[in-house]
Amino acid sequence: MTKHELIKMKTLLTFLSLILSNLLLAQNINFNFNGKSYQCSSFEKIEQSENDSEFIVSAFQYQLPSPEQLQDGVSYKHGLRMVLSLHNVKHKIPLEENDTLFISTSNDMFYKTQQNQFKNKSESEDFKAAKQVSDQLNVNLKSKEEQLKVLAEKASKGDQNAIIELEKLINEQTNAIESAQPILDSKQLDPKFNDSQPYYEFTFFVPYKNKDLDYEVKITSGTLTITEVNRKTIVLSFKGKANMFYDEWDEKAKQEYLKKNKNTTFSEILKESGSINGFIELKY
């Protein structure tokens, strides 16, 4: 090999190395959960979808068979998977250059806060007072139902007295509702909850048991720091708390659970909880 050919070969290898580095950088999921690292830089499928309020990115180390094939028991490669959904952020996609999007509310936190707001409001004195007024209106209307039905039947046959009585009774009920409305409005029954705030749902699936089953690692709290997001790229780092659940097909985990717990009804079996942090860069 001549010196010129050697230089050309080295140049080509350097060029290919740069391309490979860029590819690895463009497809990278790296995270640490409870001191154990998980990393993948090659995905057979990365996809993105969206609707009016949700932006979803999912990545699969190996392509999954169709649901019909899975039901038939077809074997497949279990690899690292990720599903990330961002809610109420569509107006910020794509991010402006040099901008950063911070999201500090998880799906769990969003709905837990919402439930607590409704619960606190339902236990307030204002709510109880308004409910009493509302219940009384319903009782009054219920007591008039049979009378309204009889009058309506007579009125449909042209009975003028029935028509007059029916109109009078309807006006009485309408006036009662209108009189109560200011009282109900003044109690401010609606909880003060911002349902348009950004929040995320973030889950990883990690193979175990000879890669036949998948742990589900769900982030329950923490912050996403998104530096780039559009219809073809997402770059972010994250840090927070997560739960790891056994695969629903893990019979050994089920039996161990049943030995320790009297409750035989469960949806997921918790393996462990802990801290999680990581970095993601995906181009698709």
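Select N88 first, which sits in the loop between β5 and β6. This is a predicted model. The phi angle of N88 is near 60 degrees, a positive value in a residue that is not glycine. N88 counts as buried because its relative accessible area is 17%, under the 20% limit.

Next select N98, placed in the loop between β5 and β6. N98 also is not a glycine, and its phi is positive at about 65 degrees. Is N98 buried or exposed? N98 is exposed, with a relative accessible area of 75%.

Now select I93 and P94. The peptide bond from I93 to P94 is cis, its omega near 0 degrees. P94 belongs to the loop between β5 (81–87) and β6 (101–103).

Then go to the cavity. The structure holds 1 cavity of 30 Å³ or more. The largest cavity has a volume of about 40 Å³. To show its lining, select Y62, L64, Y76, K77, H78, G79, R81 and D214. The lining of the largest cavity divides into 3 nonpolar, 2 polar and 3 charged residues.

The last stop is the second largest pocket, with a volume of about 280 Å³. Select K36, Y38, V206, P207 and Y215, which lie nearest the centre of this pocket among its 18 lining residues. Which strand gives the most to the lining of the second largest pocket? That strand is β2, with 4 residues. At least two lining residues come from each of β2 (36–40), β7 (199–208) and β10 (270–283). By type, the lining of the second largest pocket has 9 nonpolar, 5 polar and 4 charged residues.

Technical notes:
Residues numbered from 1 in each chain as written. Predicted model: local features only at pLDDT ≥ 70, side-chain atom pairs only at ≥ 80, totals over all residues. Heavy atoms only, no water. 1 Å grid on protein atoms, 1.4 Å probe; cavity = no way out; pocket = protein on both sides within 12 Å on 5 of 7 lines; lining within 4 Å. Points joined across faces, edges and corners; volume = space filled by probe spheres on them. Nonpolar A, V, L, I, M, F, W, Y, C, P; charged D, E, K, R; others polar. Buried < 20%, exposed > 50% of the residue type's maximum accessible area, 1.4 Å probe, protein only.
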